[in-house]
2 protein chains.
Amino acid sequence: MEGRINRIKKQLHAQKYKLTPQREATVRVLLENEQDHLSAEDVYLLVKEKAPEIGLATVYRTLELLSELKIVDKINFGDGVSRYDLRREGASHFHHHLVCIECGSVDEIQEDLLGEVEKVVERKWHFKVKDHRLTFHGICHRCLEKHEEENRLNKEKEFEKEPEKV
Amino acid sequence: MEGRINRIKKQLHAQKYKLTPQREATVRVLLENEQDHLSAEDVYLLVKEKAPEIGLATVYRTLELLSELKIVDKINFGDGVSRYDLRREGASHFHHHLVCIECGSVDEIQEDLLGEVEKVVERKWHFKVKDHRLTFHGICHRCLEKHEEENRLNKEKEFEKEPEKV
DNA sequence: TCAATTAAGTATAATCATTTTCAAATTATA
DNA sequence: TATAATTTGAAAATGATTATACTTAATTGA
């Protein structure tokens, strides 16, 4: 954690920015919630717990800054808010997302699924790929399992009724 | 065009919605600007030319409705606005986009690039894919060609200078 | 060290896209 | 035709984000 903060500090310094206490508190919240996809408001509320004097505008500015430096990625899943997602260290590509249309959960895929696809795009469309956004919408494994369970129970119920029909 | 409108009319009726004059005017604008990625405001201004009495709220409501019926897809390229893109007839999957980080242009890829990738996701993550969003950010072929042209000119210039250096 | 410049922060107001409200108009239905 | 349901338009409300004005902290050069 501390190492990671230090490296981010260096990245900021390299561009003549400082890691102020407010910025550090914001980065810490992002690190502590790495699995989540927090909105600016979410980040603000969490940072406030440690640094109650911080302003919402500062959080927005910090997230914007971290975006520019490619330390976080700003993503949008179609609800009205932008979400901010820490880029994994050493990750050459932005990770992908699985959004469940039933429960709303968002899971991440770290694997590089697009290597071949990007080559095709560069060759066929003469487009120099710098970044990508890939999101799948569908039903997550948790909801699928729930459905299977329900189906199983329904079948059992039908089976119980069978004798009554006679 | 008329055939397409009629089929959309049927899709609406199938769900107990009517193709009101306002809705028809909106759909026509989308059909006439199929290559573009219009925002709600853009659509509103274009519809107004034909049906000046229409309200912005109606356009938003119509686009929302068409989204639900999967006639249009709502997309977001990270600027503050949602854009609405007509789904090609018979297209089983949503098309992909190439966003140029230099000139801001948005090109479309109709080809299915994700067939294999989706199979991997379903198998490996146990996630039932229903839809996807794939956007590449990079440099479009027009900007790339411009760069090549500039490089060519710069080299020529250097060549001209050569004698001066001696 | 100290004044002067610059960067960054806070709080609040302003902006902009989108949604909601509600009365009026239109359309379907009995 | 009367009644109910749907749809609309205008305006107000909302909610996320950005800009503004002012303050505070940090940095620099004499």
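Student: Which residue forms a salt bridge with B:R7?
Tutor: B:E89, with the closest N and O atoms 2.6 Å apart. A salt bridge here is a side-chain nitrogen of Lys or Arg within 4 Å of a carboxyl oxygen of Asp or Glu. The pair links distant parts of the chain, 82 residues apart. B:R7 sits in helix α1 (residues 2-14) of chain B, and B:E89 in the loop between β3 and β4 (96-100). Helices (H or I, at least four residues) and strands (E, at least two) are DSSP runs, numbered from the N terminus.

Student: What kind of model and numbering is this?
Tutor: This is a predicted model: local features need pLDDT of at least 70, side-chain atom pairs count only at pLDDT 80 or more, and totals for chains, interfaces and linings use all residues. Residues are numbered from 1 along each chain as its sequence is written, chains are lettered from A and ligands numbered from 1 in the order written, and side-chain values use heavy atoms, without hydrogens and water.

Student: How many salt bridges over all chains?
Tutor: The structure holds 40.

Student: B:D131 and B:R133: buried or exposed?
Tutor: Both are buried (under 20% relative accessible area; exposed is over 50%, partly exposed in between; 1.4 Å probe, protein chains only). B:D131 and B:R133 form a salt bridge, closest N and O atoms 3.5 Å apart.

Student: And how accessible is B:R7?
Tutor: B:R7 is partly exposed, at 41%. B:E89 is partly exposed too, at 44%.

Student: Which residue pairs with B:E32 in a salt bridge?
Tutor: B:K50, at 3.0 Å between the closest N and O atoms. B:E32 is in helix α2 (residues 21-32) and B:K50 in helix α3 (residues 40-50), both of chain B.
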